[in-house]
Amino acid sequence: MSEECYLIAAKRTPVVPRGGALAHLTLHELASPVIQSLFQTTGIEPANVDELIAGNALGAGGNPARVIALASGLNESVAGLSIDRQCCSGLDAIMLGKDMINAGRASVVIAGGVESYSQRPLRYSMTDNSTDPQPYDQPPFTPWPERDPDMAEAASVLAIELGISFDEQNQWAIHSHEKARAAMQSMQTEMIQLAGVNTDSFTRTLSARVCQRANRIHGSISVANAAVAADAAAFCLLVSTSVANTIAVPAMLVAAGTCIGANPELPGLAPVTAIESALKLEGIQAADLDCVEIMEAYAVQAMACIQQTGIEESICNRGGGALARGHPIGASGAVLLTRLFTELSHRPGTGMAAIAAAGGLGSALILKNG
């Protein structure tokens, strides 16, 4: 018999720009304190965990999920599963955990993501039969170089196509910081203190004047309306119906979710397809959502997805978004779901987390409280 999947706890580290207070921590040093806090919150024992799934996009490989599982005191039988779907990784890890529980293959799963932008390895490849390794910053995301745009360039093109101005993008960024500053206290329940840091350190007062003077990256994309590279970890504790019925902690239903490929030349629009698909799978409409956490890799990306799906802007990113925190690639999707879990704890209802990734990928997941 299939089981429903419930989210009973979601925790994260502060999000800190690369080179900051978390820069000295390895992936397992970022992740294991978050996982330990899940056990403390719920009373679930490490020995009861069937699997640990971790998204990671910039690391050196080697199955970091296995290293994290061992560092977190899980049974040696927990193999650990590491996935790389770039920015979608953390949210997709949670969807994989949900699928395992729905299929009856697991009863307790820890899933999320972790990224140390500060400790990302230097990358080299052997190209053109050269004997000298050549450095590169990122791998190709399509087999066609002409259809594999720089992310900032693609965001700039998206802004032009949808008529979203530089000033509008800046206003979105300003509002993101304002909301994050206002929510600092309420976010303490989801955040562990690590390396002496207990708040998202990038959040600040951002003015229109500062935005106007910010260095441009490409076209209307600037360092003020694009998310900064960051370090962080975020993980969720997922359980089956039978386990949820035995513990005295609130449980939220992990409902429909999907990851879908779209046009790789406009990756910022990929979540639109994923959002529409998840809503259809759940049999609801955008108007039925009470809370949405949508990725702000770029202000225009979030704005475009809201515009194209008909989601009410006022229910989005109530505690600010990645523009006010930073973008720890493989962890960002899990940070979104952790934020959603906190918001739905305050306002029961139906929520969604959605994120885009390079190569034209979009992921969306629905969470229900009540």
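View 1. Of the 90 residues in the largest nonpolar core, the ones touching the most other members are Leu7, Leu238, Tyr298, Leu337 and Leu367. (A nonpolar core here is a set of buried Ala, Val, Leu, Ile, Met, Phe, Trp, Tyr and Cys residues joined through side-chain atoms within 4.5 Å; buried means under 20% relative accessible area, exposed over 50%, and partly exposed in between, with a 1.4 Å probe and protein chains only.) A second, separate core has 35 residues, including Leu25, Leu38, Ile192 and Val239. Keep in mind that this is a predicted model: local features need pLDDT of at least 70, side-chain atom pairs count only at pLDDT 80 or more, and totals for chains, interfaces and linings use all residues. Residues are numbered from 1 along each chain as its sequence is written, and side-chain values use heavy atoms, with hydrogens and water left out.

**View 2. Zooming in on leucine 238.** Skipping neighbours within four places in sequence, leucine 238 is in contact (heavy atoms within 4.5 Å) with Cys5, Tyr6, Leu7, Ile94, Gly97, Lys98, Ile101, Ser107, Val108, Val109, Ala111 and Val254.

**View 3. Helix H3, residues 89-102.** Helices (H or I, at least four residues) and strands (E, at least two) are DSSP runs, numbered from the N terminus. With its 14 residues, H3 reaches 20 Å from first C-alpha to last, close to the 20 Å expected at 1.5 Å a residue; that expected span is 1.5 Å times one less than the number of residues. The rest of the structure largely encloses H3, because 11 of its 14 residues are buried. Among them are Asp92, Lys98, Ile94 and Ile101. After H3 comes glycine 104, with a positive phi near 80 degrees.

**View 4. Strand S12, covered on both faces.** S12 spans residues 291-294, with Cys291 and Glu293 buried on one side and Val292 and Ile294 buried on the other. S12 pairs with strand S13 (residues 349-357) in the parallel sense over 4 bridges; two strands count as paired if DSSP finds at least two bridges between them. Isoleucine 294 has alanine 354 of S13 as its bridge partner.

View 5. The largest pocket has a volume of about 890 Å³. Its lining takes in 35 residues, and Tyr117, Met151, Tyr298, His327 and Ile329 lie nearest the centre. Helix H4 (151-162) and S13 each supply at least two lining residues, with H4 giving the largest share, 5 residues. The largest cavity holds about 40 Å³ and is lined by Val15, Met295, Ala322, Arg325, Gly326, Pro328, Ser332, Val335 and Leu336.

View 6. Most residues other than glycine have a negative phi. At 28% relative accessibility, asparagine 63 counts as partly exposed.

Key:
1 Å grid on protein atoms, 1.4 Å probe; cavity = no way out; pocket = protein on both sides within 12 Å on 5 of 7 lines; lining within 4 Å. Points joined across faces, edges and corners; volume = space filled by probe spheres on them.
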